[in-house]
Amino acid sequence: MCYILTHVLYSDSYVFLTHVLYSDSCVILTIAIVFYRVRRYDDSIHNELSILEEKISHLEQQGKKSFPDVKFLTYKDRKRILISGGAGFVGSHLVDRLMLAGHEVTVVDNFFTGRKRNVEHWIGHENFELLHHDIVNPLFIEVDQIYHLASPASPPNYMYNPIKTIKTNTIGTINMLGLAKRVRGRLLLASTSEVYGDPEVHPQTEDYWGHVNPIGPRACYDEGKRVAETMCYAYHKQDKLEVRVARIFNTFGPRMHMNDGRVVSNFILQALQNESITVYGDGSQTRSFQYVSDLVDGLIKLMNSNYSQPVNLGNPEEHTIMDFARIIKNLVGGSSKVEKRTAMEDDPRRRRPDITRAKKYLDWEPKVQMLTGINRTIEYFKNELRRSHHSQRNFHAPELGFL
């Protein structure tokens with residue numbers, strides 16, 4: 001019996017063979033064999049588990065989402081920032097800038113005009129949160145700053161449901177102001193150049209009271225924003241709430257909704273598809289267009305400034321709609337022709353901001369040349385038209401601003 005055991009141990013391990021030869025009890029031999037065999041079994045399991053862990057780790061790395069590199073801010077400098085309408089065109093670019101700067105950003109959007117894919121590259125990041133919520137209903141959250149951008153901003157969208165537009169700009173604004181009051185935060189209202197209506201003063205300064213038709217087709221938006229401004233300053237006077245008001249002029253850039261009915265998106269889309277470029281009226285009405293990264297710069301500077309009066313944010317470079325149609329046609333190429341159609345009701349004849357106040361108090365003015373911004377927007381729309389499957393992405397990487 002001892003010979004057999006010794007032989008078995010000898011065939012498997014010299015270490016145990018030595019131990020057996022100097023042992024006086026076969027019981028000890030039996031224990032030694034059992035221990036050795038269990039140890040071999042454990043080693044086998046351990047090796048298999050190690051291999052499985054390596055495979056799982058490899059698979060996790062393959063499917064792991066990577067995020068743009070964000071700046072690290074200490075708790076003293078890092079702010080909790082809420083952006084209503086943050087999944088929209090302008091809002092998503094503002095999200096990018098604030099996330100890259102290292103802040104904690106919460107987006108609230110009902111996705112009437114916003115889209116999840118505008119901010120999908122941040123979903124899952126520890127500093128980002130996305131809430132599907134309509135601000136017509138109260139929201140309870142802890143924040144330091146509120147950028148209130150929620151509202152349809154293009155004529156087809158805000159005229160599609162004028163009651164909803166009015167509610168968003170009145171009840172929604174009250175809810176955001178109430179939130180800011182409760183948390184003792186600062187609120188920036190994204191107002192609009194539409195508060196000037198069809199202006200009788202040119203260019204428009206912030207002191208101009210406007211020329212608005214209160215019962216026209218655009219009134220739901222124009223008057224909604226005017227009331228929103230009134231409410232901001234009522235809270236400021238009565239409750240000492242810190243408010244900032246940005247009057248935003250025509251803005252364009254990547255992530256614009258292709259069917260939002262705005263001049264830039266309409267003209268680019270029609271030119272890319274060789275359709276007629278439709279100009280409403282005789283085309284002599286003027287607009288001033290700024291690239292979205294310039295606007296985002298202005299919004300952030302205004303929010304963090306000590307200036308509380310309304311500020312125009314726009315590009316003072318003025319072009320007629322007809323000139324703009326020709327510029328886009330030449331840049332895109334193709335066989336599109338410019339086609340005139342009946343003028344739209346209450347369409348402003350002239351629109352150009354006086355940005356003296358922005359220069360003086362914010363040290364801000366547009367930096368991106370119009371042609372540079374248009375070319376970048378055309379490229380985005382080309383990629384959008386190439387998509388034929390949902391899985392195909394037209395990802396516009398976050399910008400720190402390009403000059």
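Predicted model: local features only at pLDDT ≥ 70, side-chain atom pairs only at ≥ 80, totals over all residues.
The model contains an open sheet of 7 strands, arranged in the order β3-β2-β1-β4-β5-β6-β11 with parallel pairing. Its edge strands are β3 and β11 (311-313), each of which pairs on one side only. On average, neighbouring strands of this sheet are turned by 20° against each other, direction ignored. Strands of a sheet pair through backbone hydrogen bonds, either parallel or antiparallel.

Within the sheet, strand β4 (residues 145-148) and strand β5 (residues 186-192) run parallel and are joined by 4 bridges. Gln145 has Arg186 as its bridge partner in β5.

## Helices packed on the sheet

Helix α7 packs on the sheet and touches β5 and β6 (242-248); the direction of α7 makes about 155° with that of β5. Helix α9 (residues 292-303) also packs on the sheet, where it touches β4, β5, β6 and β11. The direction of α9 makes about 160° with that of β6.

## The second largest pocket

The second largest pocket has a volume of about 330 Å³. Its lining consists of 15 residues, and Trp209, Glu229, Tyr233, Arg247 and Pro310 lie nearest its centre. Helix α7 (residues 219-239) gives the most to this lining, with 6 residues. By residue class, the lining divides into 6 nonpolar, 3 polar and 6 charged.

## Asn127

Asn127 is found in the loop between β2 (104-109) and β3 (128-132). With a relative accessible area of 13%, Asn127 counts as buried because the value is under 20%. Leaving aside neighbours within four places in sequence, Asn127 is in contact with Met99, Gly102, His103, Glu104 and Val105.

Note on methods
Residues numbered from 1 in each chain as written. Heavy atoms only, no water. 1 Å grid on protein atoms, 1.4 Å probe; cavity = no way out; pocket = protein on both sides within 12 Å on 5 of 7 lines; lining within 4 Å. Points joined across faces, edges and corners; volume = space filled by probe spheres on them. Helix = DSSP H or I, 4+ residues; strand = E, 2+ residues; numbered from the N terminus. Nonpolar A, V, L, I, M, F, W, Y, C, P; charged D, E, K, R; others polar. Buried < 20%, exposed > 50% of the residue type's maximum accessible area, 1.4 Å probe, protein only. Contact = heavy atoms within 4.5 Å. Pairing = 2+ DSSP bridges. Axes fitted to C-alpha atoms, helices over the stretch in contact; angles between N-to-C directions.
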